[in-house]
2 protein chains.
Amino acid sequence: MSRIVALETSDIRFPTSLSLDGSDAMNPDPDYSAAYVIVCTDAADGIDGHAFVFTIGRGNDVQVAAIDALAGHVVGREVEPILHDMGGFFRELVADSQLRWLGPEKGVMHMAIGAVINALWDIRAKRAKLPLWQLLARMTPEQLVDLVDFRYLTNALTRDEALGILRAAEPGRSAREQELRATGYPAYTTSPGWLGYSDDKLARLAREAMADGFTQIKLKVGADLDDDIRRFRTAREVCGPDFPIAIDANQRWEVGEAIAWVNALAEFHPAWIEEPTSPDDVLGHAAIARGVAPIRVATGEHAQNRVIFKQLLQAGAIQVMQIDAVRVAGVNENIANLLLAAKFGVPVCPHAGGVGLCEAVQHLSMFDFVAVSGSREGRMIEYVDHLHEHFVVPTDIRDGSYTAPTEPGNGMEMKQASRAEFTWTGEHRKAGAHV
Amino acid sequence: MSRIVALETSDIRFPTSLSLDGSDAMNPDPDYSAAYVIVCTDAADGIDGHAFVFTIGRGNDVQVAAIDALAGHVVGREVEPILHDMGGFFRELVADSQLRWLGPEKGVMHMAIGAVINALWDIRAKRAKLPLWQLLARMTPEQLVDLVDFRYLTNALTRDEALGILRAAEPGRSAREQELRATGYPAYTTSPGWLGYSDDKLARLAREAMADGFTQIKLKVGADLDDDIRRFRTAREVCGPDFPIAIDANQRWEVGEAIAWVNALAEFHPAWIEEPTSPDDVLGHAAIARGVAPIRVATGEHAQNRVIFKQLLQAGAIQVMQIDAVRVAGVNENIANLLLAAKFGVPVCPHAGGVGLCEAVQHLSMFDFVAVSGSREGRMIEYVDHLHEHFVVPTDIRDGSYTAPTEPGNGMEMKQASRAEFTWTGEHRKAGAHV
């Protein structure tokens, strides 16, 4: 037996606003940041659990405070019973009635739960000496459904239906695991498409993305239609008529505006339109999907929880589902999200980028391929070539695909030196605030 | 000219869990709390702005940290330009792209913005020597629509439609103001219905509620159907066949379960079923509304923002809309919510209780009556007789109605002695945590 002896948090911020990397129509100057947590145990193996919530600067301290507020649930507890019943422990955190009031199940407090849950999965995977994707993909269907909170889902997905999905995928698991280890998981890249980049830089990076073997590129749109037409034309000229190019409005539009704007770009054949409007607007996304068909609608990086994904799928509002590793309550809730997508037959193409999101979310897509949807068809993980050097196990992209990680853990551990160097001291805050 | 010189926050918690006041199917042991903020200025008038976010205990410190994170937007700023353009300042806070990432527009960070906005309205009302309801009700339709952020609303409510609603209500304003001052605003009470109370206590309090002139009572349901049938029968025996009795499940049910449970209580003629399931589940509420008609569905105290209210109304999911003074981004977003309700012809019956919620939200209903919907028909404000003594201007209930406040301000100022006495020292935390 071992105990959790500390929940160590830190406020880590990278000054990315200085270079306009990551600029889009809603987020002109992000400072990619991590509200970082280490679940420390007194076990002889020396294994701690690492995870984080990704934010874009100001407010990262609030996110850290929310993680700190969970100390009472974990510090002093025995590790093994928690790791043995991750579903039960997950539901304990989500159901804390007093903390639940702060959401419920959304925003800062919900993401904090996700960080603690993800850190516990890191311990479990490292103890098992397996990368997270493989640990999950080797659990039985019964063990997997025990991880899920089916509350509020049963009118779309019951426990039995989830079991059926997982059981149907069971026979092919080991063949798909081999295939994954041999060929990786397809990636697409957003690197060429940031709004702050010049047309020349866009063209150069699009050319490089194709040469590097990426499956698709993505352009940020939504600030100015004439600019978008020019930039999309530039990208099409570089990439040719058939290469998939998605567009991403980062929630910039009204519903009617989205339909008009996307149709004005239809001649360039967008692979999907991502985040056309408020991530909360299920009915709005459904109207947009009807209004821009056959162009597909994608969203999810800001979908606050499984209840929103459920509705987006029920309403036919999305044709591509974009989970995020740290927006919801961790691995457990994302398993629910993957099961919902499988139930509705919608491909999952995760959101990544930021800092560490690629390292984290690849495990979920790989698990999905091996044990849930059983398919990589029409699926790919976003990739941005940025800040990977700060991670103990950085992503390994070969021929435009994510190589399946072999190192134990959830992939979220940041190098100690990076954590020390970018621990927030308040300096950028002064520059960024309105004082 | 004066400046904002400080954003003073405090963590205030009342030990209500000791008495089971406020117990319901999802919240068995709340400690009613306030993440309290004072916007301090250097003006010679000595007027500061008071407001708070209501929470139910653990995590109140996180909410305080979120308010603190807004200091950069307010401290050092000139007061008068902000008060003169509350719409612009509101949109500035909501649109801070880095803080927005933590929601967007939901949860801890969004409620923090609401607290700061509400505190600024307190300053504006006190400087005008008017209660908030009257300050708002005397603004022109043009001034009022300038307060609203129509982003994500325009497919349901445009600025012009909002102007039309407000202009249509303009001629009767002064007559309704007189009427309001003479007769108050109807109240209903939840006091008899908490789950933790015995049947005898329920019966006694229901009898008292009728004697006190309340328009309706409400019972908490959802933990056990047999208990609910017995308790509802008890209440009906006390109140007779015609007195309105609403029921409230506090998000306890699945969609199908809600329909079955409510229909099992239909013989007692519930006035409405409140929060039958997840507050995020627009489509689920719509299905429930169809499944329990003609019993009406009510929700909103946990509706995170105007985008959720918009959809609940678009989908015909609610027949009663329950705004909350502190769940969304303050007075400005609640004006949007009131306008949406008026557009869709749905009555607003605000959520209150907790600590200070009655004091705060009455201003919004009274403003609605005078200047937006122009009606009290089918409308009433929740009332719980609890913790009012801690407020500088406590609610004044006469003959089951809220008396229109005459004192300047937003009603949210808590007595200094109460703030000092109940400032959190960490003691209940130890008792409530799982260590």
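**Entry 1: helix α1 of chain B.** I started with helix α1 of chain B, residues 60–68, in this predicted model. Eight of its nine residues are buried, so the helix is largely enclosed by the rest of the structure. I noted the buried ones: N60(B), D61(B), V62(B), Q63(B), V64(B), A65(B), A66(B) and I67(B).

**Entry 2: what surrounds it.** Next I asked which elements the buried residues of α1(B) pack against.

**Entry 3: the side of chain A that touches chain B.** That took me to the contacts between the chains. I read off 57 residues of chain A in contact with 58 residues of chain B. Elements of chain A giving two or more residues to this side are α1, α2 (71–74), α5 (97–100), α6, α13 (255–264), α14 (282–292) and α15 (306–314). Which one gives the most? I found that α1(A) does, with five residues. By type, I have 25 nonpolar, 24 polar and eight charged residues on this side of chain A.

**Entry 4: how the two chains are related.** Last, I looked up the superposition. Chain A goes onto chain B by a rotation of 180° with 0.0 Å of shift along the axis, at an RMSD of 0.0 Å. That is the relation of a two-fold axis. The same surface serves both copies, I noted, as 100% of the contact residues of chain A recur in chain B. Which residue of chain A comes closest to the rotation axis? My note says G107(A), with its C-alpha at 2.5 Å.

How values were computed. Residues are numbered from 1 along each chain as its sequence is written. Chains are lettered from A and ligands numbered from 1 in the order in which they are written. This is a predicted model: local features need pLDDT of at least 70, side-chain atom pairs count only at pLDDT 80 or more; totals for chains, interfaces and linings use all residues. Copies are superposed by least squares on the C-alpha atoms of residues with pLDDT of at least 70 in both. Two residues are in contact if their C-beta atoms, placed from the backbone, lie within 7 Å. A residue is buried if 20 or more other C-beta atoms lie within 10 Å of its own, exposed if 12 or fewer, and partly exposed in between; C-beta atoms are placed from the backbone. Helices (H or I, at least four residues) and strands (E, at least two) are DSSP runs, numbered from the N terminus. Ala, Val, Leu, Ile, Met, Phe, Trp, Tyr, Cys and Pro count as nonpolar, Asp, Glu, Lys and Arg as charged, and the others, Gly among them, as polar.
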